[in-house]
Structure formats: structure tokens, C-alpha cells
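Trainee: Could we go through this model together? I would like to begin with its pockets.
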Amino acid sequence: MPKFLIQATYTPEGTKGLLKEGASGRRAAVERVVGGLGGSVEAMYFAFGEDDLVLVIDLPDPVSMAAISLTVKASGALTTRATPLLSVDEIDQATRRQVDFRAPGA
């Protein structure tokens, strides 16, 4: 199952919602969304600095990740970045594939 790193920053309105329902309320909401699409939450951490929230989630496919991303961004409560995560085995598979590429000017 594809794994994704999610980094999110709350908007002022999103922060008000977090203050109102607490971190456990947001965890339940995230688990409901991800689980509803057949995925699971591997890790969820709150932070301070550039990112307010960091998650590692498993989803059945990239389309599920896109659906979540679009819906969350449309809410206006958060800005997010989703990064696909690849295992060591997946990178090993990639290194064994032949790619017909010519560098510019070569």
C-alpha cells in the first residue's frame, strides 16, 4: 500500500478549530478520513515551526491521496504537502529498470 508523508500548517481558522476540539479530536477526524478510503494512519505528530502537523499514512492508491488533499485544501483550514514515500525495496526495483534517457547536450 502506498505510503505518504503529510506536512500541514493550520490557517488561523483551522487553529481555532484545533483549540476548540483538541489534538485527540483531530486525530479521530484524520483516522476517519483515511480509514474511510481504506487506509491507515501510521504516525501523527503535532509540531511547531514551519509545520503544525506531520503524518505518515498508508492509502490504497495515489488517487485516494489526491481526493483527501483536494478536500482538505478546499476547507481552508490547512495548507498541506503530500510526499510519496518509497521503501528500500522499491528503490532497489527502480535501480534495476532500464531507462532510455539522454542528458541535454549529450
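Trainee: How many residues line the largest pocket, and which lie nearest its centre?
Mentor: The largest pocket is lined by 22 residues, and V30, V33, I68, V72 and L78 lie nearest its centre. On a 1 Å grid over the protein atoms alone, a pocket is an open set of points where a 1.4 Å probe fits, with protein on both sides within 12 Å along at least five of seven lines, and lining residues have an atom within 4 Å of a point. This is a predicted model, in which local features need pLDDT of at least 70 and side-chain atom pairs count only at pLDDT 80 or more, while totals for chains, interfaces and linings use all residues. Residues are numbered from 1 along each chain as its sequence is written, and side-chain values use heavy atoms, with hydrogens and water left out.

Trainee: Which one gives the most?
Mentor: That is α2, with 6 residues in the lining of the largest pocket.

Trainee: What is the volume of the largest pocket?
Mentor: The volume is about 370 Å³. Grid points are joined across faces, edges and corners, and the volume is the space filled by probe spheres set on the points.

Trainee: And how does the lining divide by class?
Mentor: The lining has 17 nonpolar, 4 polar and 1 charged residues. Here Ala, Val, Leu, Ile, Met, Phe, Trp, Tyr, Cys and Pro count as nonpolar, Asp, Glu, Lys and Arg as charged, and the others, Gly among them, as polar.

Trainee: Changing topic, how many salt bridges are there?
Mentor: The count comes to 6 salt bridges, a salt bridge being a side-chain nitrogen of Lys or Arg within 4 Å of a carboxyl oxygen of Asp or Glu. One of them joins K3 and E42, whose closest N and O atoms are 2.4 Å apart. K3 lies in strand β1 and E42 in strand β2 (residues 40-46), so this pair ties together parts that are 39 residues apart in sequence.

Trainee: What else is linked with K3 and E42 in a network of salt bridges?
Mentor: D58 is linked with K3 and E42 in that network. The side chains of K3 and D58 meet at 2.9 Å, N to O. D58 lies in strand β3, so its pairing with K3 in strand β1 ties together parts 55 residues apart in sequence.

Trainee: Is D58 buried or exposed?
Mentor: D58 is buried, with a relative accessible area of 12%. K3 counts as partly exposed at 26%, and E42 is partly exposed at 49%. Buried means under 20% relative accessible area, exposed over 50%, and partly exposed in between (1.4 Å probe, protein chains only).

Trainee: Where do E13 and K16 lie?
Mentor: Both lie in helix α1, 3 residues apart, about one turn of the helix. E13 forms a salt bridge with K16, with 3.2 Å between the closest N and O atoms. E13 and K16 are both exposed.

Trainee: Now F4: what does it touch beyond its sequence neighbours?
Mentor: Not counting residues up to four places away in sequence, F4 touches L55, V56, I57, L59, D61, P62, M65, T83, P84 and L85. Contact means heavy atoms within 4.5 Å. F4 is in strand β1 and counts as buried at 6% relative accessibility. The C-alpha atoms of F4 and L85 are separated by 5.3 Å, although these residues are 81 apart along the chain.

Trainee: And L18, which residues is it in contact with?
Mentor: Leaving aside neighbours within four places in sequence, L18 is in contact with Y10, A23, R26 and F46. L18 lies in helix α1 and counts as buried at 19% relative accessibility.

Trainee: Finally, what pattern does the protein follow along the sequence?
Mentor: The pattern is β-α-β-β-α-β-α, with 3 helices and 4 strands. Of the 106 residues, 28% count as buried. The C-alpha trace spans about 55 × 35 × 25 Å along its principal axes.

Technical notes:
Helix = DSSP H or I, 4+ residues; strand = E, 2+ residues; numbered from the N terminus.
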